[in-house]
Amino acid sequence: AMYIASQMQLAGLYPGGAGGGYLQRVPMVGVETQPDSSLSFSGAAASALPQVKYKDDDVLWTETQQPLVDSEGEMIFVGHGVVAPEFSWDDYKGQDVAGKVLLMLVDDPPSDDPAVFGGKARTIYGRWTYKYEIAAKKGAIGALLIHTDASAGYGWQVVRGSWARERAFNELDPNAPAPLKQAGWMTESAGRALLKAAGQDLDALIAAAARPDFKPISLGVKSKAHIVSKVRRMDTSNVIGYIQGNDPVLKDQAVVVTAHYDHLGIGDPDATGDRIFNGAYDNASGVATMLELARAMNLSTVKCSRTLVFIGAAAEEMGLRGSEFYANHPSFPPGKIAANLNLDGVSVLGVSKDMTFLGGERSTLWNYLQDAAGFFGFTISPDAHPEQGSFYRSDHYNFAKIGVPAVSIEHGQNFEGHDAAWGEAQWKEYNEKHYHQPSDEFQPTWDLSGARNEAMITFYLAWRIANAESMPTWKPGDEFAAAREAALKAVGKGSK
């Protein structure tokens, strides 16, 4: 954070943090499950119930932010755990699950219709964050997710590397539902064994949960958790710098560019003994590009009408915590933030002939994206892996939640000098071998011409939006359109 602040200062940005500095304090609570914690099951065919081992078969934590929690509750399988009135879908069917431990599938209910749960694309209902939130709202004391590579979009090593370590949470809201006493993931093999002991079959339950008439199933099993946690209050910081707009009226509005600077720190060693999770691609590459963009913007002789805000976001890998805090404590009211452009991993493999803009088609930002495509000569490709739910997995999502039209800028998979199959192979290798692993580190063979290209594209988009007569809006009917209307109303403006 201090390094990024120093680079912002050298680039000539004004400090946008607290007390005349670049840092915005983000108070958090760190919770690390200790090895003497345990998860066990009783009831049903007791002798057949799996004996799960922490990290190997499950990851487990408490959301109570307490150092010692013992909890026990009857288990209920609730399918995908989704309540989506707009799709006439309710996996709970009115069943009271208060005090229970819910067993859930990770993804959305399957659909081939883009108008229903996004078709092949993942929606917010398929995100683990939603699963735990809805469980708490329903009064459950726990929620366990059954992991599969296909449904999660990544292997168990990612779950283990991301969750079996200290996790950072925002401070508890006393007005929110009671936090879950036990939360976690189970491997597919452990989940299958648990369900088999309860007289159920995972594949049959997956098929049943795919239908809207699915009803919760009591398993006749109790989940007992003994969770010992190391709990500490800690601060991190968002890093904020800005270039003030030169229009006397529009300077009170902003275009925000974000890139998260955190990764996973030091964790379990990989096969080579390396324990340092550098996060070079994800997301040092995005931060470096954002800083270069800020430097170039400030050097430009043609200034922008709106203010440009650059944020190095903290704790993204812990659940988008830094951007969530900024969204709740913004330096500009949400109704005066024109747009958010997010950078989360830029091309290190050369120039991509296509670009992907996560969420771009959902707002009038689409017009600017098409202009950029024509100006720079790239094609716009849809998300190559919509099942990953990437729109909901980076910091732009927290801006969307408060109504700000937001997009995450990503390179495509068609690289100059290579065919599309090569690009797909590179993505697959990174996702399977390097994503959230110590091996995500700088390589001398990287070709940063693509990063430069993405910086120019982002510069163009930021400049166009910052000088436009009106601010972008979400398209009618989008899930964030109502939040935009409320944000504009709060600052005394209509929707136009």
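Arg25 is partly exposed, with a relative accessibility of 47%; partly exposed denotes the range between buried (under 20% relative accessible area) and exposed (over 50%), computed with a 1.4 Å probe on protein chains only. The structure is a predicted model, in which local features require pLDDT of at least 70 and side-chain atom pairs count only at pLDDT 80 or more, whereas totals for chains, interfaces and linings use all residues. Residues are numbered from 1 along each chain as its sequence is written, and side-chain values rest on heavy atoms, with hydrogens and water left out.

Side chains of opposite charge can pair when their charged atoms come close. In total, 15 salt bridges are present in the structure, a salt bridge being a side-chain nitrogen of Lys or Arg within 4 Å of a carboxyl oxygen of Asp or Glu. One of them joins Arg25 to Asp235, with the closest N and O atoms 2.7 Å apart. Because Arg25 belongs to strand β2 (residues 23-33) and Asp235 to strand β12 (residues 217-243), this pair ties together parts separated by 210 residues in sequence. Strands (E, at least two residues) and helices (H or I, at least four) are DSSP runs numbered from the N terminus.

Strand β12 also contains Arg232. A salt bridge connects Arg232 with Glu166, the closest N and O atoms again being 2.7 Å apart. Glu166 is located in the loop between α4 and β10 (167-170), so the contact ties together parts that are 66 residues apart in sequence. Both partners are partly exposed: the relative accessible area of Arg232 is 38%, and Glu166 has a relative accessibility of 21%.

A further salt bridge is formed by the side chains of Arg160 and Asp268, at an N to O distance of 3.8 Å. Arg160 is partly exposed at 29% relative accessible area, as is Asp268 at 36%. These two residues take part in a network of salt bridges that also includes Lys53, Lys55 and Asp56.

Helix α2 (residues 128-137) is mostly covered, with 7 of its 10 residues buried. The buried set consists of Trp128, Tyr130, Lys131, Tyr132, Ile134, Ala135 and Ala136. Just after α2, Gly139 adopts a positive phi of about 85°.
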